[in-house]
Amino acid sequence: MRKLILFAVVSGLVSLGCDATPPPEIVFHPEAVVQAGQGYPNRSDWLVVQPPAAVPPAWNTSGYPPVRSLELGTGKSPDENQIRILKPEIGKNILNPADKDALPAADRTAVSKAVDQLFGTPLVPIVPAGKNSAAIEKLHLDSATLAQGAGLYRQWCISCHGPAGGGDGPAAATLSPPPRDYRTGLFKFVSSTPTLAGKPRRADLAKVIRRGLDGSAMPAFPKFSETELQAIISYVLHLSLRGEAEFTAIKRLIIAFEDADPPAQEVAQAAEKALQQWLDADTQPMIAQKSETASTEPLTLVNVPADPATTAEARLQSAARGYLLFVEKSGAGCASCHVNFGRTQQLKYDAWANVIQPRNLFLGLYRAGRSPEELYSRIYVGIAGTGMPSHRQLVEPPAPDGTNKIWDLVHFVQAIGQPAQRAALQARFGIKWE
Ligand code: HEC
Ligand code: HEC
């Protein structure tokens, strides 16, 4: 019952902003909504292997993510414009696993079999150790933990994130942004190094689950016990590893077929590589300094250096420096994406070919948390899968005068989200907002 109420609240919130959207006429991949106890659905939807460089013509219609429109084809989706823009990507950056000319049926079946064998079923989920049994222990991927996580996932997450973590549960149809599809192995709000391909630390996932993502349908789950939370995280890892192994094997068999090994070997290699990346991400946080707040704030992940500005006046001065970094061509380059501070529509496709917009910073609403430490870590790390790059070079090496350009940007971002602070910057430094 609690779950139903939660959904009602959540979907109510989400539908506020998009009153003109028609009810969804389709449920994606209904065959994917399996009963627990059966195997996982094998991948039938299309793969986005590179974010399309084309500019989206518009936001997609609710219930029709762009790739879904492409799959449905002309005449079956209201978004003909998305189909037109994305069509040239088919066979290059967007792949159809059911295209028998690209992937022979025997290979596709062999991939599915290998994935099922390695990763088990929703009731008996497994993560294969390969040569890396240490990773299983360190990342808590033993079968008892996974089975517990799977049960909780079915109760709390499956309706949005889908049975195999494809972001295609029955409640997903109208959500914008859509629930994360874990099967690329890529997550947005991470605090590990960008060289680790968007793999989060377990602590990143803990934070997203505990706090939710503001401005999206992702709810906060503050009431899970620590054991339950850790089990769910393990299961998200399982789904992601499984999905990525399947994804990578299909991708290589289609676009790198000359170099590709037999399907089962491709699956096993991809699984092993992804597992190592998860382990590396978990053990290599981005910032090495000790956090002052770490002991009182257990959810702080990136250890952020102490804020050098300790008075309101120093923060205002810092925000003014941040403004210049934000807007100037020779600065940090933020304004090239966040045009007019994010108020001008500047649509992009993300790594899942979903339509995104660089955040409108006037709103002061951030998905992954509003604390200054959180904003620091977003700017330092970047946002995987969206094109927003890491800006760590701004503070490495540290400035000899003790200033910190990322803190300047944080103070600016904080100020711009508040009318009184904007007025203060205008009055003191002549910054114009129009
Ligand atoms: C009502 C729908 C809904 C439910 C239920 C839901 N999620 Fe989400 N989840 C979302 C949406 C939407 C996003 C994407 C938000 C975005 O892109 O900013 C998301 C994103 C995520 C992410 C990605 C974070 C990142 O850094 O990329 C994780 C992990 C996640 N959810 C885990 C869970 C888990 C675990 C549960 C169950 C305990 C759950 N979600 C339940 C809608 C939901
Ligand atoms: C290449 C384009 C690009 C550049 C450059 C860029 N951003 Fe972003 N930024 C984005 C996109 C896209 C999003 C929204 C991502 C999403 O949620 O899918 C975003 C989101 C954000 C957010 C919101 C984070 C949250 O938790 O919701 C902040 C804050 C932000 N950017 C600040 C900055 C700052 C400061 C700079 C310069 C140092 C910068 N961005 C440079 C594209 C960019």
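## How helix axes are compared

Axes here are lines fitted to C-alpha atoms, for helices over the stretch in contact, and the angles between N-to-C directions run from 0 to 180 degrees. Helices (H or I, at least four residues) and strands (E, at least two) are DSSP runs, numbered from the N terminus.

A word on the model you have above: it is predicted, with local features needing pLDDT of at least 70 and side-chain atom pairs counting only at pLDDT 80 or more, while totals for chains, interfaces and linings use all residues. Residues are numbered from 1 along each chain as its sequence is written, and chains are lettered from A and ligands numbered from 1 in the order in which they are written.

## Helix α10 and α4

Let's start with helix α4 (residues 105-119), whose axis comes within 8 Å of that of α10, crossing at roughly 45°. The two are therefore oblique to each other (under 35 degrees counts as roughly parallel, over 145 as roughly antiparallel, 65 to 115 as roughly perpendicular and the rest as oblique).

On the α4 side, the contact (C-beta atoms, placed from the backbone, within 7 Å) is made by Asp-107, Ala-110, Val-111, Ala-114, Val-115 and Leu-118; α10 brings Pro-263, Ala-264, Val-267, Ala-268 and Ala-271. These residues divide into 10 nonpolar, no polar and one charged (Ala, Val, Leu, Ile, Met, Phe, Trp, Tyr, Cys and Pro count as nonpolar, Asp, Glu, Lys and Arg as charged, and the others, Gly among them, as polar).

## Helix α10 and α9

Helix α10 (residues 263-283) also meets α9: their axes come within 8 Å and cross at roughly 135°. That makes α9 oblique to α10. By class, the contact of α9 with α10 holds 12 nonpolar, one polar and four charged residues.

## Around ligand 1

Ligand 1 is surrounded by 29 residues, the closest being Cys-157, Cys-160, Phe-187, Ser-216 and Met-218 (a residue is near a molecule if its C-beta atom, placed from the backbone, lies within 6 Å of it). The elements giving two or more residues to this shell are α1 (2-16), α7 (158-161), α8 (202-211) and α9 (226-255). The shell has 23 nonpolar, three polar and three charged residues.

## Around ligand 2

For ligand 2, the surrounding residues number 25, with Cys-334, Cys-337, Tyr-366, Ala-368 and Met-388 the closest. Two or more residues come from each of α12 (372-381) and α13 (405-416), and α12 has the largest share, three residues. Its shell consists of 14 nonpolar, six polar and five charged residues.

Technical notes
Contact = placed C-beta atoms within 7 Å.
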